[in-house]
Amino acid sequence: MDVPEVSVIMTAFQSEDTFEAAVNSVLTQNYQDFELIIINDDPENNRLKKLMQDIPDSRVKIYNNPKNEGVSKSRNLGIQKSMGQYVAFIDSDDLWDSRKLDIQVNFMKKNDILFSNTSVKYMSAEGEQYPGVFCIPLEVSFKELDYFNSIATSSVVVARDIIKKYRFEKDYLHEDYLMWLRILRTEHIKAYGIQDSLLTYRIQKKSKSSNKFKSIKMNYFVHRSLNDSFFKSSIKTMTHMGKAYLKYKKVFKE
């Protein structure tokens with residue numbers, strides 16, 4: 001059996017209205033050497049299950065959770081099932097530019113990079129494009145990421161040899177932010193940014209990030225989970241709040 005170079009992991013929960021578009025944005029990539037691993041975290045949703053069954057592509061592998069397990073356990077299962085040299089993530093309501101994997105994988109191979117992400121465009125829950133783009137830094141260290149999360153999970157491609165050592169956890173926090181911090185700190189690597197906006201992130205009204213008070217609280221407890229003091233965690237959270245405000249001001253009003 002041929003081993004794909006990239007394993008793309010998608011978790012799906014209550015996303016029947018956006019799932020098909022997200023999947024199509026992966027399957028229509030210019031770069032084709034991948035497997036798409038879909039973790040169905042909504043096993044009682046018959047409409048979503050039917051959409052999965054109707055995908056006519058042998059590269060797609062579907063795993064059904066016995067019940068709603070949450071995004072962390074679902075992504076961990078995807079990593080466990082992955083075979084590629086690289087692992088990429090996409091949420092079931094986001095969209096990839098057709099050039100994404102081609103640009104990103106070649107960038108990583110050419111420069112011997114273990115972790116990369118891309119700039120981001122944004123759209124509303126209904127699919128309306130916002131005018132601004134979040135242009136990410138060319139590189140981010142643990143210390144820089146510790147004060148502001150500039151990494152959108154659906155833009156990440158990371159070496160499988162790295163990510164298989166770790167587990168997503170604590171869904172009540174920003175579990176992805178915690179994961180990226182742990183990887184950069186422990187592996188002593190940086191996240192390298194591609195300036196092209198190859199991801200369109202959908203801002204859902206009921207997402208973790210859309211509830212600003214809840215998001216601030218989760219950000220604070222990410223730092224507490226890394227054993228920062230109350231004072232340090234508060235300073236980092238306030239810094240993040242300020243930078244996030246400027247980021248979304250540009251995205252919505254540019």
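**Group meeting: a walk through the strands and cores**

Some background before we go on. This is a predicted model, where local features need pLDDT of at least 70 and side-chain atom pairs count only at pLDDT 80 or more, while totals for chains, interfaces and linings use all residues. Residues are numbered from 1 along each chain as its sequence is written, and side-chain values use heavy atoms, with hydrogens and water left out.

Where does Val6 belong? The largest nonpolar core has 37 residues, and Val6, Val8, Phe19, Leu36, Ile38 and Leu101 have the most contacts inside it. By a nonpolar core I mean a set of buried Ala, Val, Leu, Ile, Met, Phe, Trp, Tyr and Cys residues joined through side-chain atoms within 4.5 Å. Buried is under 20% relative accessible area, exposed is over 50%, and partly exposed is in between, with a 1.4 Å probe and protein chains only. Among the elements giving two or more residues to this core are strand S1 (6-12), helix H1 (19-27) and strand S2 (34-40). H1 gives the most, with five residues. These names come from DSSP runs numbered from the N terminus: helices are H or I with at least four residues, strands are E with at least two.

Now, S2. Seven of its seven residues are buried, so S2 is largely enclosed by the rest of the structure. In a regular strand, side chains alternate between the two faces of the sheet. In S2, Phe34, Leu36, Ile38 and Asn40 are buried on one side, and Glu35, Ile37 and Ile39 on the other.

Who are its partners? S1 and S2 pair in the parallel sense over seven bridges; pairing requires DSSP to find at least two bridges between two strands. Ser7 stands opposite Glu35 in S2. S2 also runs parallel to strand S3 (residues 60-64), joined by five bridges, and Ile38 stands opposite Ile62 in S3.

The chain crosses from S2 through H2 to S3 in a right-handed β-α-β crossover. Right-handed means that, with the strands pointing away from the viewer, the path from the first strand over the helix to the second runs clockwise. S1, H1 and S2 make a right-handed β-α-β unit too.
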